[in-house]
Amino acid sequence: ENGPNEEVESLRATLRSLEEQFKKREALCEQWKKKFMSKKTEMEKIAAKKKAAIKASVASSLSPEEEKKILAEKDEKIKQLKSKLMEFKDQIKGLRTKKDSKKAGGETKKTLPSAKKKKTAKSPMKDSKMATKINAAKVIKKVKDAAGFIAATKKKAAEKKKTEKKKSPQADEKKEEEGNDDGEGALAVGMKVSTTDGRRGVIRFIGKIHCAKGIWVGMELFSGQGSNSGIVKGKRYFECAKKKGIMVKMDKIVNPAQALKEKLDEDGIEEI
């Protein structure tokens with residue numbers, strides 16, 4: 001019973017000591033803060049005094065004669081700028097008067113040919129030339145429209161081809177899954193078939209495999225040596241004896257419809 005009470009008392013004592021230390025450090029922080037603020041105010045006062053001294057020295061260094069010279073130079077510069085502004089204004093006025101005179105002359109010139117046109121009748125040759133020009137312009141426009149339409153159709157066709165190419169691998173896989181329905185029948189597990197290289201056996205697996213694209217056919221051979229026992233790169237797809245299994249693509253199967261659609265006997269030795 002005394003043990004836990006002693007531990008509690010010791011913890012309380014440590015807490016008290018920590019609180020005292022915290023208060024002391026807080027007091028120190030306040031002291032340092034006050035010192036910092038007092039130093040800051042002193043530095044600001046010193047900086048203000050220095051600025052005032054610099055201004056006073058600059059003002060005292062210039063004599064009244066020098067100040068008058070500086071002011072006179074500034075007045076001369078202002079006068080020069082004013083004179084330049086007046087010159088620019090005169091130039092702008094001259095340009096505006098020229099533009100107005102040109103506009104007035106152009107209007108008078110335009111009115112003169114109109115009077116001549118009223119007096120002179122149009123010749124049939126000019127009318128025919130104008131008509132041919134208008135027709136040529138229409139034809140050119142139609143040709144351009146047709147060229148644009150052809151270009152647009154070509155672009156659409158190219159885009160369709162690209163989309164078909166992207167979709168073609170999936171479509172091929174679907175076709176292979178459904179089978180070669182060319183009137184020769186479809187493949188099925190248990191069907192007796194032969195390969196293009198003359199090997200014969202029974203289908204044990206049809207579908208996708210983890211290590212290659214497309215649809216594959218797993219066969220158990222009647223005779224000869226295969227490449228596996230239904231395991232392809234560490235994964236089992238069907239059961240058969242060692243070195244009696246092969247995995248081939250759909251196009252390596254010869255005339256699957258002509259093979260007998262009979263299941264293997266229990267011993268699995270029957271050949272076509």
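**A salt bridge to start with**

Which side chains meet in a salt bridge at 3.5 Å, N to O? The side chains of R236 and E239 do; a salt bridge here is a side-chain nitrogen of Lys or Arg within 4 Å of a carboxyl oxygen of Asp or Glu. R236 is partly exposed at 38% relative accessibility, while E239 is exposed at 59% (buried is under 20% relative accessible area, exposed over 50%, partly exposed in between, with a 1.4 Å probe and protein chains only).

**About the model**

This is a predicted model, in which local features need pLDDT of at least 70, side-chain atom pairs count only at pLDDT 80 or more, and totals for chains, interfaces and linings use all residues. Residues are numbered from 1 along each chain as its sequence is written, and side-chain values use heavy atoms, leaving out hydrogens and water.

The structure holds four salt bridges. Another one joins E220 and R204 at 2.9 Å, N to O. This pair links distant parts of the chain, with E220 in strand β3 and R204 in strand β2, 16 residues apart (strands are DSSP runs of E, at least two residues, and helices runs of H or I, at least four, numbered from the N terminus). E220 is buried at 17%, whereas R204 is partly exposed at 30%.

R12 and E9 also meet, at 3.6 Å, N to O. Both lie in helix α1 (residues 2–61), three residues apart, about one turn of the helix.

**A charge over a ring**

Have a look at K35 too: its charged end sits over the ring of W32, 4.8 Å from the centre (NZ of Lys or CZ of Arg within 6 Å of the ring centre and within 35 degrees of the ring normal).
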